[in-house]
Amino acid sequence: MSFIDHFETLEDTRSHINKKHELLDVIFLTVVAILSGAEGWKDIKQFGDNKIDWLRKFRRFENGIPVDDTIARIISTLEPTALLTCFVSWVNEIRSSQGQSVINFDGKTLRHSFDGDRKTAIHSVSAYAVEQGLVLAQCKSLGKKNEVSTVMELIELLEIKGNIITADAMHCLKKVATAIDKKGGDYVLQVKNNQSKLSDEIKAYFHKVRRDNKELIASHTHSTTNDGHGRIEQRTYVQLPVSSWLEQRKGWANLRSVIEVTRVRYLNGNQSSETAYYISSLDVNLPQIAKTIRSHWAIENSSHWVLDMTFKEDESRIRRGDAPENMATFRRFAMNLARLSSIKDSVKGKLKQAAWSDDIRQ
């Protein structure tokens, strides 16, 4: 099925008088233009004018390319939740042949999407499949403090059975763990002060086991060392099965292990260290837990950074109606399409090639 077919269920809210241009034509134009480096309405219009013959191989464009203001009006009136549903439908079709993954949840603010008051800038939460390098969904949140309800929506929306969900300490909540478990997923959640009793008890548990059972600690420890850019980082993972000694385990769905991660960094002759704690529904498997925790920040490096540096998302001043949220979805659509391409190049390089070559874009 062509990616554009997944948008056929979108409702076109325009009156018949104003339907000079087909909705799917405009959506196809927008996605392909972004895939070729377009950043705003004028770029999309100019791409369409220059590539109209190529575009007509796939869509009719009976009345040519709409003016940039018309493109903006049509995109801004799309219902964001309905658009997201189409996006997820396409991603799920792709994932069915790509296997399972670690899925990161993390928030991101579109810094220039505000109109007047900076506090109105759009904040969204994305779900990112690490192994496939795909954004699975992104959903608008009512600010960073309201991320939890958005994550709950995404858990309900996504197919997560057999996948491992990671999220920062803000989402270390019993209701989040329960929602993941009900959908057949596993979780690795960082524990901080928002779960102070659980955090204190986990620290005391590791202290107790070190004192009373050094052999268990030794057999449940895994260390890695990485270097680069003048920095050496050593990570030590200790994963222990949950025992009845942990009173705070109660109420956490399928809680099976607790993890301690100590990171020691050496940079320019200086040493620093930090220790973090996690809870998980996974049984003790040190290589798996090390890979899962390390991969959590993939969403920052492989998704958010690419969106800002390659797609210029942080600089976008699109503000009309629901256009900022909808364009964020289209950017993730384009980034996924670039990642799925078999061309050996960076995402930025693939966008350049798509802009230059009709064959590459096809």
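What percentage of the 362 residues in the protein is made up by buried residues? In this predicted model, buried residues account for 51% of the 362 residues. The secondary structure comes to 14 helices and nine strands, and the C-alpha trace spans about 80 × 45 × 45 Å along its principal axes. Of the contacts with a separation of 6 or more, 64% are between residues 24 or more positions apart.

**Nonpolar cores**

- The largest nonpolar core has 93 residues, and those with the most contacts inside it are F7, I27, F105, I279 and F330. Helix α1, residues 23-35, supplies the largest share of this core, namely 11 residues.
- Apart from this core lies another one of 13 residues, among them V102, I164, Y278 and A290.
- I279, one of the residues with the most contacts inside the largest core, touches C172, Y187, V188, L189, V191, L198, I202, W252, L255, S257, V258 and I259, when residues up to four places away in sequence are not counted.

**Helix α2 and its surroundings**

- In helix α2, which covers residues 41-50, the buried residues are W41, I44, K45, F47 and G48. Seen down the axis of α2, these buried residues fall within an arc of 165 degrees, and therefore they line one face of the helix.
- A general point about helices bears on this pattern: an α-helix has 3.6 residues a turn, so residues three or four places apart point the same way.
- The exposed residues K42 and N50 are carried on the face of α2 that is turned away from its buried side.
- The cover over the buried residues of α2 includes α1, α3 (52-55), α4 (68-76), α12 (323-340) and α14 (358-361).

**Helix packing**

- The axes of α2 and α4 come within 8 Å and cross at roughly 115 degrees, and α2 passes α4 in a right-handed crossing. On the α2 side the contact is made by W41, K42, I44 and K45, and on the α4 side by D68, I71, A72 and I75.
- Helices α1 and α12 pack with their axes 9 Å apart, at an angle of about 60 degrees, which makes α1 oblique to α12.
- The crossing in which α1 passes α12 is right-handed. From α1 the contact involves I27, T30, V31, I34 and L35, and from α12 it involves M327, F330, R331, F333, A334, L337 and A338.
- Two residues of this contact, I27 of α1 and F330 of α12, are also among those with the most contacts inside the largest core.

- As background, most residues other than glycine have a negative phi.
- N254 is not a glycine, yet it has a positive phi of about 55 degrees. N254 lies in the loop between β7 (231-241) and β8 (257-267), and with a relative accessibility of 31% it counts as partly exposed.
- K312 likewise has a positive phi, near 55 degrees, in a residue other than glycine. K312 is placed in the loop between α11 (298-309) and α12, and its relative accessible area of 27% makes it partly exposed.

**Residues in contact across the sequence**

- H21 is found in the segment before α1 and is buried, because its relative accessible area is 10%, where the cut-off for a buried residue is under 20%.
- The C-alpha atoms of H21 and P66 are separated by 7.0 Å, although the two residues are 45 residues apart along the chain. Leaving aside residues up to four places away in sequence, H21 touches R14, V26, N63, G64, I65, P66 and T70.
- E300 lies in helix α11 and, at 31% relative accessibility, counts as partly exposed.
- With residues up to four places away in sequence not counted, E300 touches D106 and W305. The C-alpha atoms of E300 and K108 are separated by 9.2 Å, while these residues are 192 residues apart along the chain.

Terms used. Residues numbered from 1 in each chain as written. Predicted model: local features only at pLDDT ≥ 70, side-chain atom pairs only at ≥ 80, totals over all residues. Heavy atoms only, no water. Core = buried A, V, L, I, M, F, W, Y, C linked by side-chain atoms within 4.5 Å. Buried < 20%, exposed > 50% of the residue type's maximum accessible area, 1.4 Å probe, protein only. Helix = DSSP H or I, 4+ residues; strand = E, 2+ residues; numbered from the N terminus. Contact = heavy atoms within 4.5 Å. Arc of directions from axis to C-beta. Axes fitted to C-alpha atoms, helices over the stretch in contact; angles between N-to-C directions. Parallel < 35°, antiparallel > 145°, perpendicular 65-115°, else oblique. Left-handed = near helix turned anticlockwise from the far one by under 90°.
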